Structure formats: C-alpha cells, structure tokens
Amino acid sequence: LGPHHMPGYGFLTLEFGQRKTGTGLFMYYGRNGGHGHKDRLNIGLYGFGFDLTPDLGYPEFATSWPQRNEFTDPTISHNTVLVDQVPQSVNWVGHPRFFKVLPGFQCAEVESSDVYASTRDYRRTVAMIQVSDWLGYALDVFRVEGGADHMRGLHGPGVEVTTSGLKLTAQETGTLAGPDIAFGTTLPVGPKYGYSWLGRIEYDNLPPDNWTADWKVQAGYRGATGAEDVHVRMWDFTPADDVVLADGEPPQNKAGNPRWLRYCLSHRAGEDLTSTFVSLLEPYQGEPIIDRAERLPLPGDPHSGPVALRVYLKSGAVDTLIYSPDGAAVTVDDTTFCQGRLAMVRTRDGAVETMALIAGTRLQYGDIILSAPDAGHTGKVVRFDKDTLDDARIWVDADLPTGETLAGQEIIIENDRARNACYTIERVERDG
C-alpha cells in the first residue's frame with residue numbers, strides 16, 4: 001500500500017484505497033536510457049483495477065527496428081512534455097522538490113531541466129485530492145521554460161473518446177508528421193522524429209482555454225467487458241495554439257493491449273517559450289465525481305505566473321486549488337490568500353472542511369488561517385558519515401526541531417546533479 005517515494009530509482013505514487021477499489025497516480029522520473037524509455041516525468045493514472053493511461057511498455061521486438069526506435073521508446077509516445085519536437089536526452093534521474101502526504105491531500109514536485117539543453121525549467125507538480133476513502137482526482141501542472149516548441153501528451157486506455165469544448169476537424173490523409181506522410185514512414189532523426197506513428201488526426205487550431213476529453217475503458221482491454229463503465233476524464237485549462245487527437249499503436253504481442261490508443265496533444269510554439277500546462281485527471285465509474293471546474297482569473301501571463309482552479313464536486317464540496325511556481329503570494333477572488341507553493345481549501349456551503357499548505361507560510365480563507373514561520377528549513381551540510389551501513393548521519397548548521405518532529409519528512413541536498421540527494425529523515429539530534 002502506498003503512497004511511496006523512491007528518489008534513488010526515480011518513482012513516486014500518490015494513492016487512496018487499495019487494489020481494485022482504489023485510485024492512484026504515479027510519476028516516473030528515473031533512468032531514461034538503456035532499457036528505459038525517454039519518458040522523464042511521465043505519469044500514469046490507475047482506477048477500479050485498470051491502468052487508465054497505459055505506458056506502451058516493452059517493445060514488440062527488443063532490437064533496433066523502426067517502431068521501437070521512433071515511437072515506443074521516444075518521448076512523443078509518453079504522458080509528458082516534448083520540447084522542440086525531439087526526444088529527451090539521456091541522464092540518470094530527476095530532482096524532487098517536495099513529496100508530501102497529508103490527510104486527504106498528497107502531492108509531489110520533480111524538476112528535470114537537464115533532459116533538454118534548451119530548457120531552464122522542466123518540472124511537474126502533481127496532487128491527488130481525496131473524495132472518499134478509496135477515490136481521488138488529480139491535479140497536474142507541468143511548467144516548461146525555454147525552447148521554441150512545447151507539446152504535452154496524454155493518452156487513455158483506448159480510442160473511445162468524447163470531447164467537450166473542442167471543434168475538431170479531421171485531417172483526411174497522412175499523420176501528425178503531415179498529410180502527405182504515411183503511417184510508419186521513417187523520418188530523419190531531428191524535428192518531428194516519431195510523428196509519423198500517430199495517425200487518424202483530428203485537430204482544433206483555435207482551442208478554447210478550457211475543454212475536456214473523456215476516455216472509456218472498452219471491451220477487451222485487459223479483461224474488461226465494457227459493462228464496468230470506467231472512465232478517465234481530463235479537464236484542460238491551458239491556453240494553447242492547437243490541440244490534436246491522434247491514434248498511436250501499442251505493442252501488439254502483449255495480451256490485453258488494445259489495437260490503438262487515442263492521444264490528446266496540446267501544443268504551443270514561440271521564441272524562448274514559457275508554458276504552464278494545467279489539467280485535472282478524474283477517474284470515475286458510472287457517474288463522474290466532478291460536476292464542473294474552472295480556472296480562476298489571476299493577474300499576469302497564465303503561462304508564467306500562478307494558477308488557481310475551482311472544482312465543484314458532485315458531493316456538494318467545492319475545492320480551491322492554488323499553485324505558485326516560486327511561492328509568491330496569490331489572492332483568489334477576495335476569499336483566499338496563499339503564500340506558498342501549493343494549497344487546497346475544501347468548503348461546503350461556504351464552511352471550511354479541509355485546508356492544506358505546502359512549502360508556504362500562510363493560507364487564509366475568511367478568518368481561518370494556517371501559518372508557519374518559514375516555508376521550510378534551509379542550511380548547509382558541514383559534515384557527514386561516509387560509512388552508512390548502520391545509521392547515516394548528516395550534520396547541518398540549521399536550527400532544526402529535535403526528536404521525531406521531522407520524522408518521515410525529506411531532506412534535499414544540492415549536489416552535482418549526476419544523481420539526486422533526497423533522503424528520508426528518521427530523527428534529529430542536537431550536537432553542540
């Protein structure tokens with residue numbers, strides 16, 4: 001049972017419930033070369049016993065052949081962001097910013113700007129917000145700074161997709177690489193590498209700032225009969241240049257794999273671009289758990305500044321979600337003030353039920369306030385144990401609370417970035 005964080009490997013999960021009755025999200029940020037795919041900051045969503053956003057997994061043939069080289073392995077086939085139309089470069093692992101598990105609210109942020117030479121920032125912030133003992137929905141914020149072309153991809157468990165808000169036009173021939181380029185055509189390594197493996201194109205070149213895509217688990221998918229009525233719905237709140245729907249082909253020699261997966265690609269282009277891709281991911285069975293959701297207006301550029309969402313649940317609860325990339329203060333429609341990186345306020349009939357604040361000093365709704373003297377502890381490492389077979393001790397010059405106050409929290413140490421240095425604290429002792 002989770003949630004789990006494995007920073008040395010580069011993997012985390014956020015989970016509610018268990019097995020076939022639970023819902024959960026993972027993020028993989030580990031090795032993306034060798035037997036790994038170029039899938040840094042890839043996410044997946046599970047619910048009701050099904051993998052709702054399935055990774056393509058092991059290729060049909062573990063050798064050099066076009067579909068593996070151009071699609072199964074590269075970044076374009078994964079639930080992450082492609083920069084400048086080329087796959088990520090290879091390194092060992094990303095760098096956690098935080099991983100927090102609070103009652104009803106689990107969240108994490110990982111940064112990995114090293115995978116693209118053109119990016120100064122490449123990080124993903126995810127949260128699972130609990131709705132019942134076993135059910136939750138996800139917030140997903142992906143921020144990219146640098147490069148000239150950004151495309152965030154997400155695919156569901158098949159091709160049974162309905163959209164709301166988009167006005168889609170079919171491309172009669174060809175693939176994402178172009179109307180004159182046939183499916184599976186090998187393109188030179190460089191821009192649009194792998195685009196020819198996405199076909200049956202539909203596009204909206206003037207998408208609204210909010211829309212939804214809903215995938216249904218179809219009969220035959222990993223034992224599904226179709227009667228389960230399991231869905232995953234994406235609520236998108238990203239101003240984009242265009243949105244494309246396209247079919248990609250998973251390996252066909254794995255039992256239960258669908259013939260095709262329908263991808264949803266949100267795309268922006270510009271000089272020295274900054275993008276913030278914002279979405280909610282809602283797993284549900286039968287009836288949706290979200291009635292409606294909206295992105296709230298805030299001053300400044302929606303791609304470089306903070307984000308605020310309001311989520312109206314079928315249960316009658318209302319969630320306000322706030323993300324601030326640098327922890328700057330955010331005021332939301334005169335009801336909520338946040339000084340921190342990530343926050344959630346749940347109300348019902350105007351009364352607060354739950355509040356959560358991550359890496360911040362103040363969260364206020366009306367006259368209810370969460371506060372902390374600092375957004376976190378900082379300091380310098382002055383000494384450490386090189387023999388870590390028993391206890392591993394690090395001496396720091398920060399004035400930390402002693403005992404088990406910080407037990408289970410993480411200490412993150414700046415290093416040469418060949419690997420990350422993120423460790424779980426067991427206890428703190430004073431030495432002088």
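Which residue lies over the face of tyrosine 312? The legends below answer this and other points, using a predicted model.

**View 1. Arginine 292 meets the ring of tyrosine 312.** The residue over the face of tyrosine 312 is arginine 292. Its distance from the ring centre is 3.8 Å.

**View 2. Arginine 383 sits over tryptophan 395.** Here the charged end of arginine 383 is placed over the tryptophan 395 ring. From that charged end to the ring centre is 3.8 Å.

**View 3. Tyrosine 122 and phenylalanine 142 pair edge-to-face.** The whole structure holds eleven aromatic pairs, and one of them joins tyrosine 122 to phenylalanine 142. The two ring centres are 5.0 Å apart. Tyrosine 122 belongs to strand β9, residues 121-130. Phenylalanine 142 belongs to strand β10, residues 136-145. The partners are 20 residues apart, and the pair links distant parts of the chain. Are these two residues buried or exposed? Both tyrosine 122 and phenylalanine 142 are buried.

**View 4. Phenylalanine 183 and tryptophan 197 form an edge-to-face pair.** Centre to centre, the rings of phenylalanine 183 and tryptophan 197 are 5.4 Å apart. The angle between the planes is 75°. Phenylalanine 183 and tryptophan 197 both lie in the loop between β13 (169-170) and β14 (198-204). They are 14 residues apart, and this pair too links distant parts of the chain. Phenylalanine 183 counts as partly exposed because its relative accessibility is 35%. Tryptophan 197 has a relative accessibility of 9%, so it counts as buried.

**View 5. Phe11, Phe26 and Tyr46 make a cluster.** Ring pairs connect these three residues, Phe11, Phe26 and Tyr46.

View 6. How many disulfides does a search of the whole structure find? The search finds zero. A disulfide needs the two sulfur atoms within 2.5 Å. Cysteine 107 is buried, at a relative accessible area of 0%. Cysteine 338 is buried as well, with a relative accessible area of 0%.

Note on methods:
Residues numbered from 1 in each chain as written. Predicted model: local features only at pLDDT ≥ 70, side-chain atom pairs only at ≥ 80, totals over all residues. Heavy atoms only, no water. Buried < 20%, exposed > 50% of the residue type's maximum accessible area, 1.4 Å probe, protein only. Phe/Tyr/Trp six-rings, centres within 6.5 Å; stacked < 30°, edge-to-face > 60°. Helix = DSSP H or I, 4+ residues; strand = E, 2+ residues; numbered from the N terminus. Lys NZ or Arg CZ within 6 Å of the ring centre and 35° of its normal.
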